[in-house]
Amino acid sequence: MGHKLVEKELKKGNRVIAPVASKSSASNESGREDLLVIPWNRSSVFSAKTLIREALRFGGTLDRAVILSPSGSEGGFPLDMKVQEIDEYLDNNLRGLVYLIRELLLQLNEQKSATLSFAMSDQGN
């Protein structure tokens, strides 16, 4: 779903910042000037701040953001987790996302017509 969304926005003439989970996926092999693929560590507050800083450096301003559901989250929260597993799940999947949303809201709040959207896909689509 992420690739399709990126392609759609690029076709509209928008500049796109696409955070990815690993540095190897972040290589900007397309060589496009309107696309920035950047690594983002979901468990790091600093990575969220770096992502926003680099996005502003790349695009100058943020007027729209779309948060996609994380990979593997479509099945819902596993109910049979132990407390330690829940803490690890929160650290690895949600904490950085919350910080990223906070940073996005701070930046988008400065724009007069900014949009923050959330999207989920069906598993396998």
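Tutor: A residue counts as exposed when its relative accessible area is over 50%, as buried when that area is under 20%, and as partly exposed in between. The model to which we apply this is predicted.

Student: Why is Lys12 called exposed?

Tutor: The relative accessibility of Lys12 is 52%. The cut-off is over 50%, so Lys12 is exposed.

Student: Why does Glu9 count as buried?

Tutor: Glu9 has a relative accessible area of 9%. Buried means under 20%, so Glu9 is buried.

Student: What makes the pair of Glu9 and Lys12 a salt bridge?

Tutor: The rule asks for a side-chain nitrogen of Lys or Arg within 4 Å of a carboxyl oxygen of Asp or Glu. The closest N and O atoms of Glu9 and Lys12 are 3.5 Å apart, so the pair meets the rule. Glu9 and Lys12 also belong to a network of salt bridges with Arg64.

Student: How do you know that Arg57 and Glu54 form a salt bridge, and where do the two residues lie?

Tutor: Their closest N and O atoms are 3.0 Å apart, and the limit is 4 Å, so the pair qualifies. Both residues lie in helix α2, three residues apart, about one turn of the helix. Arg57 has a relative accessibility of 59%, which is over 50%, so Arg57 is exposed.

Student: Why is Arg32 called partly exposed?

Tutor: Its relative accessibility is 37%, a value between 20% and 50%, so Arg32 is called partly exposed. Arg32 forms a salt bridge with Asp34, with the closest N and O atoms 2.8 Å apart. By the rule, the count of salt bridges comes to seven.

Student: What makes Arg15 a charge over the ring of Phe58?

Tutor: The distance part of the rule asks for CZ of Arg within 6 Å of the ring centre. The charged end of Arg15 sits 4.1 Å from the centre of the Phe58 ring. The number of aromatic pairs in the structure is zero.

Student: Is Ser44 buried or exposed, and what does its side chain reach?

Tutor: Ser44, in the loop between β2 (35-39) and α2 (45-59), has 18% relative accessibility. The cut-off is under 20%, so Ser44 is buried. Its side chain reaches the backbone nitrogen of Phe46 at 3.2 Å, and a polar atom of that side chain lies 3.0 Å from the backbone nitrogen of Ser47.

Student: Why is Ser47 called buried?

Tutor: Ser47, in helix α2, has 13% relative accessibility, and the limit is 20%, so Ser47 is buried. Among residues beyond four places in sequence, Ser47 touches Pro39, Trp40 and Asn41.

Notes: Residues are numbered from 1 along each chain as its sequence is written. This is a predicted model: local features need pLDDT of at least 70, side-chain atom pairs count only at pLDDT 80 or more; totals for chains, interfaces and linings use all residues. Side-chain values use heavy atoms; hydrogens and water are left out. Rings of Phe, Tyr and Trp (its six-membered ring) pair if their centres lie within 6.5 Å; planes under 30 degrees apart count as stacked, over 60 as edge-to-face and the rest as tilted. A charge sits over a ring if NZ of Lys or CZ of Arg is within 6 Å of the ring centre and within 35 degrees of the ring normal. Helices (H or I, at least four residues) and strands (E, at least two) are DSSP runs, numbered from the N terminus. Buried means under 20% relative accessible area, exposed over 50%, partly exposed in between (1.4 Å probe, protein chains only). A polar contact is a pair of N or O atoms within 3.5 Å; within protein, one must be able to donate a hydrogen and the other to accept it, and residues adjacent in sequence count only if both atoms are side-chain atoms. Contact means heavy atoms within 4.5 Å.
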